[in-house]
Amino acid sequence: MITTEDLSFLLVLSRCKTMAEAARVLNVSAPSVTLRVQHIEKKLAVPLVQRPSRVVSLTDEAKLLVEKGELILEQIDDLQTQLNDVRAHVVGKLRVLAPLGFGNDYVAKLLAKYKINHPGLEIELELSDNPNWSAHHKWDVIIYIGELKNSSLKMIPLARNKRFICASPDYLKKNGVPQTPKDLLSHTCIALRENNEDVTLWDFKNLDGEHSSIRIHPSLASNEGRVVKDWALLGLGIIMRSEWDVTPEIKRGELVQLLSSYQLPDADIVALVSSGKNERSARVSGFIDMLKTSLSLSPWKKA
């Protein structure tokens, strides 16, 4: 008879392109993955993987097992969650996905505090500025900053977050201070590539509500916010960054906010959860409450 461990294994296998990739995800050797497939095939007396093939190509029987097995595993997890809630214990595994910089500065510390408060809890934190939305079901909580592209998830607001245009005093002393968005076209700009956004198109709104868009041509670009900010601090150009990231440097005079009479689109900080089971999970709701309490105070303004 097939077990939940077999179903979990097949679910992982279905999301991998090769046996080697599945081995890395499962933290086992590639031969052991092959042997596990053969063991389940023998147990069920049906083929699970098309052969020969360099990539994982599931048979119709395997696809059926994955489709139905995923529902079974979710129901088992849901049942365990409800039992834990009845006991009023925050236990089990909490999986969190967060942006790289913000996750390092704030989410990781809050998770550490949450773990101290609930020793029986297991925590997995992944940091990424380019999340894989097709795997959103893997995470209990996704912390997101910026324009939301996946409306199938429930959004829980955590904190307001504006975007600023800024540069170092040294850069401005050498190159002058832009007075309008169009002035940026004659300046050196730095771009942060994240969330698959059009990062070279900067949208502005003036005090009268009139919109204007500027297409910058960055001489420097990176997918890491900390790198982009460090380049700006070195006087290499003008950046657009989140309030949470640059407020401390602006307060210390290391960066200067520019074009303050213009407004950029906000990039509020939110938590994303799947509707349904996560809303009843004590471990998820408890962590969401902690995020709300901490981040609603905008701790970056006190740094």
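Reader: What is the volume of the second largest pocket?
Author: Keep in mind that the model is predicted, so to speak of local features takes pLDDT of at least 70 and side-chain atom pairs take 80 or more, while totals for chains, interfaces and linings use all residues. Residues are numbered from 1 along each chain as its sequence is written, and side-chain values use heavy atoms, leaving out hydrogens and water. A pocket here is an open set of points on a 1 Å grid over the protein atoms alone, where a 1.4 Å probe fits with protein on both sides within 12 Å along at least five of seven lines. Points are joined across faces, edges and corners, and probe spheres set on them fill the volume, which for the second largest pocket is about 360 Å³.

Reader: Which residues lining that second largest pocket are closest to its centre?
Author: Lining residues have an atom within 4 Å of a point. Strands giving two or more of them are S6 (190–192), S7 (201–205) and S10 (239–242); strands are DSSP runs of E, at least two residues, and helices are runs of H or I, at least four, numbered from the N terminus. Of the 19 lining residues, the closest to the centre are Arg 163, Glu 197, Asp 198, Leu 201 and Met 240.

Reader: Where does H5 bend?
Author: The bend is the angle between axes fitted to the seven residues ending at a residue and the seven starting there. For H5 that angle is about 40 degrees, at Val 107.

Reader: Is Tyr 106 buried or exposed?
Author: Buried means under 20% relative accessible area, exposed over 50%, and partly exposed in between (1.4 Å probe, protein chains only). Tyr 106 has 17%, so it counts as buried.

Reader: How are the rings of Phe 102 and Trp 244 arranged?
Author: Rings of Phe, Tyr and Trp (its six-membered ring) pair if their centres lie within 6.5 Å; planes under 30 degrees apart are stacked, over 60 edge-to-face, and the rest tilted. The structure holds seven such pairs. In this one the centres are 5.1 Å apart and the planes at 80 degrees, so it's edge-to-face.
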